Protein chains: 2
Amino acid sequence: MKGEDNRQRIIETALRLFSENGYAETSIADIAAQAGMLKGNVSYYFKTKAELLQWITQAREEQLFRRLHDGLSPDATAHECLEQFLRVTEASAEEFARVGCPVGTLCSELGKEDPALQPYASRILKALQSWLEHQFGRLLPAEAASEHAEHLLALLQGAAIMAHAYHDPDLVVRRVHTARIWLRSILIHEEIR
Amino acid sequence: MKGEDNRQRIIETALRLFSENGYAETSIADIAAQAGMLKGNVSYYFKTKAELLQWITQAREEQLFRRLHDGLSPDATAHECLEQFLRVTEASAEEFARVGCPVGTLCSELGKEDPALQPYASRILKALQSWLEHQFGRLLPAEAASEHAEHLLALLQGAAIMAHAYHDPDLVVRRVHTARIWLRSILIHEEIR
DNA sequence: GTCTATACCTCGATAGAC
DNA sequence: GTCTATCGAGGTATAGAC
């Protein structure tokens with residue numbers, strides 16, 4: 001039963017290395033070394049690097065939604081959910097400044113490195129956007145909800161790009177701050193209703 | 001005098017390939033083939049790939065500001081300059097959907113592939129941000145100008161990420177549209193003055 | 001399941017003939 | 001200036017002993 005243990009350790013290690021160094025720049029040998037095994041062993045659990053990537057994107061998506069739902073009651077209001085998204089983003093400021101948004105950078109890299117693999121990454125972005133759209137949709141007409149979800153996600157994806165480019169975590173904090181004010185102005189009519 | 005000709009052709013080819021396939025994914029042999037020469041010849045003009053990158057980022061920055069100033073009179077108002085930025089971005093919608101923003105994706109890639117080279121890319125982003133800040137600064141207090149420049153650039157960088165992830169140029173058009181409305185609301189007090 | 005060895009490939013860079 | 005040949009490093013993936 002050592003097998004499942006190793007599988008898990010490979011996934012955790014690759015999850016970290018793919019986001020820190022990128023998919024292309026991370027070799028099987030790197031993953032094996034950091035996970036305390038040899039590369040032949042990694043290949044035993046994941047036949048190809050692309051197959052490993054699929055598991056990693058799956059794990060990333062689960063991690064993201066776990067963070068969104070963490071500390072949020074099941075009957076949280078839309079405003080609370082959206083605020084939670086801002087908090088999670090804000091809490092990632094240091095990470096964004098160091099390595100960028102794990103989802104956004106992967107979408108970007110795979111789009112050039114191997115377009116066939118890009119869907120695995122953009123799927124996560126799409127899921128997040130749908131979640132945001134759902135939250136806005138609880139308060140606003142569908143069209144406005146779609147518009148606002150796209151706007152908010154774009155704003156924070158851009159913040160991650162810039163924070164990474166400048167290695168400046170405060171930039172994320174400032175963009176979240178502006179987003180929070182914007183969010184209030186959007187929802188103000190619903191709040192006082 | 002064939003020399004300068006070849007130099008220029010290498011730069012133009014690399015400019016295109018770096019943005020279409022990324023820096024890491026573009027080999028010297030690729031550049032040579034597309035430029036109609038052999039890789040030994042590319043190495044003759046640019047000793048290392050990193051040296052070539054420096055020239056490419058320089059060319060990219062010049063191209064960007066050329067587009068910003070194109071068709072803009074020297075005494076254009078701040079509002080006209082900012083509108084020009086939106087127009088240039090909108091005109092890049094198809095490119096963004098295909099390969100992402102050439103500047104943003106390069107910042108992102110180099111941040112992971114080779115952090116020592118990242119400054120060459122983020123320099124361009126910074127220059128653009130400074131230009132935006134200058135335009136806002138002609139109408140608003142310094143603090144607001146800084147805030148708005150960062151906000152606008154983040155919004156459109158994020159739009160590029162998402163448009164690339166989804167291969168959807170319309171997303172850029174929608175984000176520019178929203179940015180345009182936002183811009184009017186920001187500058188409305190100056191307009192009517 | 002684990003580890004070693006290796007086949008096979010691509011790349012950046014260089015040396016040297018022309 | 002141009003082209004060929006090649007070196008050495010580093011990568012994925014696999015075969016096979018243990």
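This is a predicted model: local features need pLDDT of at least 70, side-chain atom pairs count only at pLDDT 80 or more; totals for chains, interfaces and linings use all residues.
View 1. Divided by class, the surface near DNA strand D holds eight polar, five nonpolar and four charged residues.

**View 2. The contact between chain B and chain A, shown from the residues of chain B.** In this interface 34 residues of chain B are in contact with 34 residues of chain A. On the side of chain B that touches chain A, helix 7 (102-113), helix 8 (118-137), helix 9 (142-166) and helix 10 (169-191) of chain B each supply at least two residues. Helix 9 of chain B gives the most to this side, with 14 residues. The class composition of the side of chain B that touches chain A is 14 nonpolar, 13 polar and seven charged residues.

**View 3. The largest nonpolar core and the surroundings of Ala159(A).** The largest nonpolar core has 88 residues, and those with the most contacts inside it are Ala159(A), Met162(A) and Ala163(A) together with Ala159(B), Met162(B) and Ala163(B). When residues up to four places away in sequence are not counted, Ala159(A) touches Leu171(A), Val172(A) and Arg175(A), and also Ala154(B).

**View 4. The two assigned domains of chain A.** The domain assignment of chain A gives domain 1 as residues 1-47 and domain 2 as residues 57-191, and the C-alpha centres of these two domains lie 27 Å apart. Eight residues of domain 1 of chain A are in contact with eight residues of domain 2 of chain A. The side of domain 1 that touches domain 2 of chain A is made up of five nonpolar residues, two polar residues and one charged residue.

**View 5. The fold of chain A.** The secondary structure of chain A comes to ten helices and zero strands, and the C-alpha atoms of this chain fill a box of roughly 60 × 40 × 30 Å along the principal axes. Of the 193 residues of chain A, 37% count as buried. Among the contacts in chain A with a separation of 6 or more, 59% are accounted for by residues 24 or more positions apart.

Key
Residues are numbered from 1 along each chain as its sequence is written. Chains are lettered from A and ligands numbered from 1 in the order in which they are written. Two residues are in contact if their C-beta atoms, placed from the backbone, lie within 7 Å. Helices (H or I, at least four residues) and strands (E, at least two) are DSSP runs, numbered from the N terminus. Ala, Val, Leu, Ile, Met, Phe, Trp, Tyr, Cys and Pro count as nonpolar, Asp, Glu, Lys and Arg as charged, and the others, Gly among them, as polar. Domain bounds come from an automatic or database domain assignment. A nonpolar core is a set of buried Ala, Val, Leu, Ile, Met, Phe, Trp, Tyr and Cys residues joined through C-beta atoms within 7 Å. A residue is buried if 20 or more other C-beta atoms lie within 10 Å of its own, exposed if 12 or fewer, and partly exposed in between; C-beta atoms are placed from the backbone.
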